[in-house]
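Please look at the sequence and the structure shown here, and keep both in view while reading the report that follows.

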Amino acid sequence: MTALGPVKFLTIHCAATPEGRHVSADQISQWDQARFGQTSYHWVIELDGSTHRTLRDDQKGAHVGGANTGNIGICYVGGVSKDNKTPKDTRTDAQKASLLTLIRTYQERYPGIVIRGHRDWPGVKKACPSFDVRQWLKQVETDHV
Ligand SMILES: [Zn+2]
């Protein structure tokens, strides 16, 4: 597997799986290996909030087309409503808490790291990760006053 390079970005994704359906981190890695020939993300957060490391931080992922160098990828299970297609912020409270913990950990380890949603990258037309990352982080900070 290719080396990641210096960490500069952290990109959040959803798995685009239906609300409330349990999908394991292993399953997601298997799908990615079938589609892209490798594991896409560094972390997967399951519905119960459990975090699963799927790549080491020195391994390059495959989660943002053409921009995987120095880019850590986190994917949470869910992201579409029960119809299996409409983008929806389906994150459970446990997933939100775990996502925030992971983000904070990387912010401490790599000061200046840029946190983005997949859709915030130029040219991306998907709804992934089905919520506005910047707005959510701002909201979370306000709530913690
Ligand atoms: Zn994505």
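Which residue caps the N-terminal end of helix 3? The cap is Asp132, which has a side-chain oxygen 3.1 Å from the backbone nitrogen of Arg134; a polar contact is a pair of N or O atoms within 3.5 Å, where within protein one must be able to donate a hydrogen and the other to accept it, and where residues adjacent in sequence count only if both atoms are side-chain atoms. Helices (H or I, at least four residues) and strands (E, at least two) are DSSP runs, numbered from the N terminus.

This is a predicted model, in which local features need pLDDT of at least 70 and side-chain atom pairs count only at pLDDT 80 or more, while totals for chains, interfaces and linings use all residues. Residues are numbered from 1 along each chain as its sequence is written, and side-chain values use heavy atoms, with hydrogens and water left out.

In helix 3, which covers residues 133-143, the buried residues are Val133, Trp136, Leu137 and Val140; buried means under 20% relative accessible area, exposed over 50%, and partly exposed in between, with a 1.4 Å probe and protein chains only. These four lie on the same side of helix 3 because they cover an arc of only 100° around the axis, the arc being that of the directions from the helix axis to the C-beta atoms. Arg134, Gln135, Lys138 and Thr142 are exposed on the other side of helix 3. The cover over the buried residues of helix 3 includes strand 1 (9-14), helix 2 (93-109) and strand 7 (114-117), where contact means heavy atoms within 4.5 Å.

Helix 2 has buried residues of its own, namely Gln95, Ser98, Leu99, Leu100, Leu102, Ile103 and Tyr106, and these pack against several elements, including strand 1, strand 5 (71-76) and helix 3.

**The nonpolar cores**

In soluble globular proteins, nonpolar side chains tend to be buried together. A nonpolar core is a set of buried Ala, Val, Leu, Ile, Met, Phe, Trp, Tyr and Cys residues joined through side-chain atoms within 4.5 Å. The largest one here has 23 residues, and those with the most contacts inside it are Leu10, Leu99, Ile103, Ile115 and Trp136. Helix 2 gives the most to this core, with five residues. Apart from this core lies another, of eight residues, among them Ala25, Leu47, Cys75 and Val77. Cys75 is found in strand 5, and its contacts beyond four places in sequence include His13, Cys14 and Trp43.

**The zinc ion**

The protein donors of the zinc ion are His13 (ND1), His118 (ND1) and Cys128 (SG), lying 2.1 to 2.3 Å from it; donors are N, O and S atoms within 2.8 Å of the metal (3.2 Å for Na, K and Ca), and sites may look incomplete because water is not among the atoms. His13 lies in strand 1 and His118 in the loop between strand 7 and helix 3, so the pair ties together parts that are 105 residues apart in sequence. His63, in the loop between strand 4 and strand 5, touches both His13 and His118, and its side chain reaches the backbone nitrogen of Gly73 at 3.3 Å.

| Residue | Relative accessible area |
|---|---|
| His13 | 1% |
| His63 | 7% |
| Cys75 | 0% |
| His118 | 7% |
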